[in-house]
Amino acid sequence: MKIAIGCDEAAYNLKVELMKYLDSLGIEYQDFGADAGAVVLYPDVAEQVALAVADGKYERGILTCGTGIGMAITANKIPGIRAAVCHDVFSAERARKSNDAQIICFGERVIGVELAKSLLKVWLESDFAGGGSAPKVAKIKAIDAKYSKQR
């Protein structure tokens, strides 16, 4: 599995800890920024990561900012992307199993490092379950296609 990861300055420390965690799991990733001390607008990083995932260069993505909300909102603007903010184990698992979310978003100001690693572990180990969720995800994809402009 290849992961795209990025942050803004509000969540640089969390991103670094998550990259160490990915290293410990032997999971390949690409850091899309921000660098230490850099001031960036989170939409710029979210767009880069979401495009890389949407284009199939990476299977999944991780975005961190102060709350995770801005990153998720921005990533979800990219056609084909389903990004979810997760702050508990159940939502992290369901983001994959029920919603087939390819991007998980965390808020450094909301959750601690150990919780983020636990949520990431659950999310990485979960796959889309299909079943009763399949028609819902298909409907999401249809709505996405209906309102998407060509890139």
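User: What makes the largest nonpolar core a core, and which residues touch the most other members?

Analyst: A nonpolar core is a set of buried Ala, Val, Leu, Ile, Met, Phe, Trp, Tyr and Cys residues joined through side-chain atoms within 4.5 Å. Buried means under 20% relative accessible area, exposed means over 50%, and partly exposed lies in between (1.4 Å probe, protein chains only). Here the largest core has 23 residues. Leu 18, Leu 22, Ile 62, Ile 104, Phe 106, Leu 120 and Trp 123 touch the most other members. Two or more residues each come from strand E1 (2-7), helix H1 (12-25), helix H4 (89-97), E5 and helix H5 (113-125). H1 gives the most, with six residues.

User: What kind of model is this, and how are residues numbered?

Analyst: This is a predicted model: local features need pLDDT of at least 70, side-chain atom pairs count only at pLDDT 80 or more, and totals for chains, interfaces and linings use all residues. Residues are numbered from 1 along each chain as its sequence is written, and side-chain values use heavy atoms, with hydrogens and water left out.

User: How do you know which strands pair in the sheet?

Analyst: Helices (H or I, at least four residues) and strands (E, at least two) are DSSP runs, numbered from the N terminus. Two strands pair if DSSP finds at least two bridges between them. E1 and E2 have four bridges, in the parallel sense, so they pass that test. E4 and strand E5 (residues 103-107) are joined by three bridges and run parallel. There, Val 85 stands opposite Cys 105 in E5. Five strands form the open sheet, in the order E2-E1-E3-E5-E4, with parallel pairing.

User: Why are strand E2 and strand E4 said to stand at the edges?

Analyst: Strand E2 (28-31) and strand E4 (83-85) each have a single partner strand, so one side of each is left without a neighbour in the sheet.

User: Why is Asp 100 called buried?

Analyst: Its relative accessibility is 15%. The cut-off is under 20%, so Asp 100 counts as buried. Asp 100 is found in the loop between H4 and E5. Asp 100 also has a positive phi of about 55°, although it is not a glycine.

User: What makes Leu 51 and Glu 28 partly exposed?

Analyst: Leu 51 has 24% relative accessibility, and Glu 28 has a relative accessible area of 48%. Both values fall in between the two cut-offs, so both residues count as partly exposed. Leu 51 is found in helix H2, and Glu 28 in strand E2. Strand E1 is mostly covered: five of its six residues are buried.

User: What makes the largest pocket a pocket, and what lines it?

Analyst: On a 1 Å grid over the protein atoms alone, a pocket is an open set of points where a 1.4 Å probe fits, with protein on both sides within 12 Å along at least five of seven lines; lining residues have an atom within 4 Å of a point. The lining includes Asn 76, Lys 77, Ile 78, Arg 82 and Asp 144. By class, six lining residues are nonpolar, two polar and three charged. Ala, Val, Leu, Ile, Met, Phe, Trp, Tyr, Cys and Pro count as nonpolar, Asp, Glu, Lys and Arg as charged, and the others, Gly among them, as polar.
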